[in-house]
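Please look over the backbone of this model and its local geometry. The report below takes it up by topic.

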Amino acid sequence: MTVVREEDFVASVAAALQFIACYHPADFLKSLKAAYDREESPAAKDAIAQILVNSRMAAIGRRPMCQDTGMVAVFVKAGVGVRFETTRGLQDLVDEAVARAYLDDENPLRPTMVSDPLGDRKNTGDNGPAMLHVDLVAGDAVEVIVAAKGGGSENKARFAQLNPSASVAEWVIQTVETLGAGWCPPGMIGIGVGGSSDHAMLLAKESLFEPIDMGELLRRGPSTAEELRIELYERINALGIGAQGLGGLTTVVDVKVKTAPTHAASKPVGLVPQCAANRHVRFTLDGSGPARFDPPSLADWPEIALQRTADAAKKVDLDALSRAEVASWKAGDRLLLSGKLLTGRDAPHKRMVEMMARGEPLPVSLKGRVIYYVGPVKAVGDEAVGPAGPTTATRMDMFTAEMLENTGLFAMIGKAERGPQAIEAIRRHGAASLIAVGGAAILVAKAIKSSKVLAFADLGMEAIHEFDVEDMPVTVAVDAQGSSIHQLGPALWRKVPA
């Protein structure tokens, strides 16, 4: 009988979480480079280049590639011939591993999990608990998949109970069109069909951990079971969504489909997007000790990772920004921001709106300022701030009109599109919404020269900070006239009738 020691299991899961925070899978890097090479949209090509640059920087510095270091999911297939040398349950062991990984002083990851989701949503402090799935299978080893799923892509997971005669492909295409860019494409789409409602979603998520082989599949041709994958891959990319929703040729590098028998009256379908971070690793424990994770060779990163493509960007001095300059920006313009930049995302926005409703003064003046929707990773060493990529701007839409009306705010920075009401408020007040590339958290952080907390320190990573930035790369998503690059870009590159 194989004996797996408690410490070997915990240490392996903890090491896996540190590993996937910093290193892209080699097959995903290869697919991103191929997408870069064939991309014709300048905006999308630049976004993919930034993701590749950021990925190499994460590997070299052993720092998280994305500030959203994810909700942990662990899939354990334990052989019947295995005995765990422990008196504790697997959930306890996994949660200990998560805490060990996320609170590592040398490379702290950002704790994101909150308890009491219906109440005060207080951060658990160590990113636990993890989502654990356990199967007892034949064999005398333990196979483990460790993944970390960011909120932007997890929030775009969808489920439908279709009629048995309904088309899965049509539902998927219609659904992907509604997802926007908050899931940070280019990435993958996982589809689960069959089983029950919960099983279909699990199939969809598990499919994302399979090797990326779409290029090979297109070269050799599909079997009957693979035809749906190619159809979905081609049709999703034909939508023209592109990298970061900017419009382009590649929205997905692969589509995975897993199926299971189901009830004759049912066709449950789950859809789970995978963002450009694509963090997961698989390992096996056979009783000989903990798993090892060897860093990949830097040769795995393409040469494009050494380049920057900022030649056409406009330089902006945030400390001398005027309403007239904001009005001169056009959707799709690339900017390099320097000067003082405020931060604030969901929690401080909610708090500020409540303060304004009570007639209370805000702790920080937003007049003439730009605010960045970010919750950075804790800094280490001589860093001014840890990885600091954008969070989804759409979540702040509910606050946008009131913030622009009452504070004199000039512009906002996040990722993905803005909704119709937010766009109208931006147009009405002559403001702008900008995007930084999701999945380029280290690249952004390198532009931040200093950071200090100005307000709401109790909110931790969600506190209002003031960053001093130098040449921070952003793109104008919504300009003062209400034009949106997330509408204009995909419409330009779409290859199917609207």
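## A loop residue with positive phi

Phe-456 sits in the loop between β18 (448-455) and β19 (464-478). Strands here are DSSP runs of E, at least two residues long, and helices are runs of H or I of at least four, numbered from the N terminus. Phe-456 is not a glycine, yet its phi is positive, at about 60°. Its relative accessible area is 12%, so Phe-456 is buried. Buried means under 20% relative accessible area, exposed means over 50%, and partly exposed lies in between (1.4 Å probe, protein chains only).

## Basis of the model

This is a predicted model: local features need pLDDT of at least 70, side-chain atom pairs count only at pLDDT 80 or more, and totals for chains, interfaces and linings use all residues. Residues are numbered from 1 along each chain as its sequence is written, and side-chain values use heavy atoms, with hydrogens and water left out.

## The loop between α6 and β9

Cys-184 is in the loop between α6 and β9. Its phi is near 60°, a positive value in a residue other than glycine. Cys-184 has 4% relative accessibility and therefore counts as buried.

Pro-186 belongs to the loop between α6 (168-178) and β9. The peptide bond that leads from Pro-185 to Pro-186 is cis, and its omega is near 10°.

Gly-128 and Pro-129 are joined by a cis peptide bond, with omega near -5°. Pro-129 is placed in the loop between β5 (122-123) and β6 (131-137).

## Helix α2

Helix α2 spans residues 26-38, 13 residues in total. From first C-alpha to last it reaches 19 Å, close to the expected 18 Å. The expected span is 1.5 Å times one less than the number of residues.

Which residues of α2 are buried? They are Phe-28, Leu-29, Ser-31, Leu-32, Ala-35 and Tyr-36. These cover an arc of only 165° around the axis, which puts them on the same side of α2. The arc is taken over the directions from the helix axis to the C-beta atoms. An α-helix has 3.6 residues a turn, so residues three or four places apart point the same way. The cover over the buried residues of α2 includes α3 (42-61), β9 (187-195) and β10 (252-262); contact here means heavy atoms within 4.5 Å.

## The annotated domain

An unreviewed UniProt entry lists residues 12-283 as "domain: Fe-S hydro-lyase tartrate dehydratase alpha-type catalytic". UniProt positions follow the numbering used here, feature names are shortened, and annotations may be inferred rather than shown by experiment. Over residues 12-283 the chain is 38% helix and 26% strand. The end C-alpha atoms of that stretch are 9 Å apart.
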